[in-house]
Amino acid sequence: MKRFFPWFVVGVVVVGAGWWHFKGADMLERRRFYRFDPGLWAKSNAEKRYYMARYLMDHYELIGLTRKEVIAKLGDSGEESRMLYDLGPERGSMFKVDNDWLEISLPAGKVASGFIRISSVSKGGSREIANFV
């Protein structure tokens, strides 16, 4: 019994550290940033913007906005019919090779749809992970 206890404690610590690395820190970040605040968006780095972008999509806050209204809320992305905002390294991957991107399409001058994509946009490849239509 005495030999079992130290290995049990080590196992619990290793499993706990692994959970924290892959899920725990992300849950704390979601709790802190799952709302939209234009001031926080403007001064935050790309990684902190991910949950704010998810909030905007989950609550359909961008649908129907004009390009000027989106720029007032999120800043200018430099493109006319498609607006891209960097959301930092991809979530849920051990190897954070690509970035998450908030992509908003404005075909008729108003927001019609938006997606969070995992991609290296410059290479053209992408995988959609969340959207609102």
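## Ile-118 and strand β3

Ile-118 is found in strand β3. With a relative accessible area of 9%, Ile-118 is buried. The model you are looking at is a predicted one. In it, the C-alpha atom of Ile-118 is separated by 9.8 Å from that of Gly-88, a residue 30 residues apart from it along the chain.

Strand β3 covers residues 113–120, and Ser-113 belongs to it too. Ser-113 counts as buried, because its relative accessibility is 11% and the cut-off for buried is under 20%. The side chain of Ser-113 is joined to that of Ser-105 by a polar contact of 3.0 Å. Another feature to look for is Arg-117, whose charged end sits over the ring of Phe-115, 4.7 Å from the ring's centre.

## The chain as a whole

Stepping back, the protein chain has four helices and four strands. Their order along the sequence is α-α-α-α-β-β-β-β. The chain has 133 residues, and buried residues make up 32% of them.

Contacts across the sequence can be counted as well. Among the contacts with a separation of 6 or more, 37% are between residues 24 or more positions apart.

## Aromatic pairs

How many aromatic pairs does the structure hold? There are three. One of them is formed by Trp-41 and Tyr-85, and it is edge-to-face, with 6.1 Å centre to centre and 75° between the planes. Trp-41 lies in helix α2 (residues 38–43) and Tyr-85 in strand β1 (residues 82–89), so this pair ties together parts that are 44 residues apart in sequence. Both partners are hidden from the surface: Trp-41 is buried at a relative accessible area of 1%, and Tyr-85 is buried at 5%.

The rings of Tyr-50 and Tyr-51 also pair up. Their centres are 5.0 Å apart and their planes stand at 85°, so this pair is edge-to-face. Tyr-50 is buried, with a relative accessible area of 5%, and Tyr-51 counts as buried at 5% relative accessibility. There is an aromatic cluster to find too, formed by Phe-36, Trp-41 and Tyr-85.

## Helix α3

Helix α3 runs over residues 46–58. Its 13 residues should span 18 Å at 1.5 Å a residue, and the C-alpha atoms at its ends are 19 Å apart, which agrees. The buried residues in α3 are Arg-49, Tyr-50, Tyr-51, Met-52, Ala-53, Leu-56 and Met-57. An α-helix has 3.6 residues a turn, so residues three or four places apart point the same way. After α3 comes Tyr-60, with a positive phi near 50°.

In soluble globular proteins, nonpolar side chains tend to be buried together. Here, the largest nonpolar core has 22 residues, and the members that touch the most others are Trp-41, Val-70, Leu-74, Tyr-85, Leu-102 and Ile-104. Elements that each supply at least two residues of this core are α2, α3, α4 (67–74), β1 and β2 (99–105). Which element gives the largest share of this core? That is α3, with six residues.

Leaving aside residues up to four places away in sequence, Tyr-85 touches Trp-41, Val-70, Leu-74, Gly-75, Asp-76, Ser-77, Asp-100, Trp-101, Leu-102 and Ile-104.

Notes:
Residues numbered from 1 in each chain as written. Predicted model: local features only at pLDDT ≥ 70, side-chain atom pairs only at ≥ 80, totals over all residues. Heavy atoms only, no water. Buried < 20%, exposed > 50% of the residue type's maximum accessible area, 1.4 Å probe, protein only. Polar contact = N/O pair within 3.5 Å; in protein donor to acceptor, adjacent residues only side chain to side chain. Phe/Tyr/Trp six-rings, centres within 6.5 Å; stacked < 30°, edge-to-face > 60°. Lys NZ or Arg CZ within 6 Å of the ring centre and 35° of its normal. Expected span 1.5 Å × (residues − 1). Core = buried A, V, L, I, M, F, W, Y, C linked by side-chain atoms within 4.5 Å. Contact = heavy atoms within 4.5 Å.
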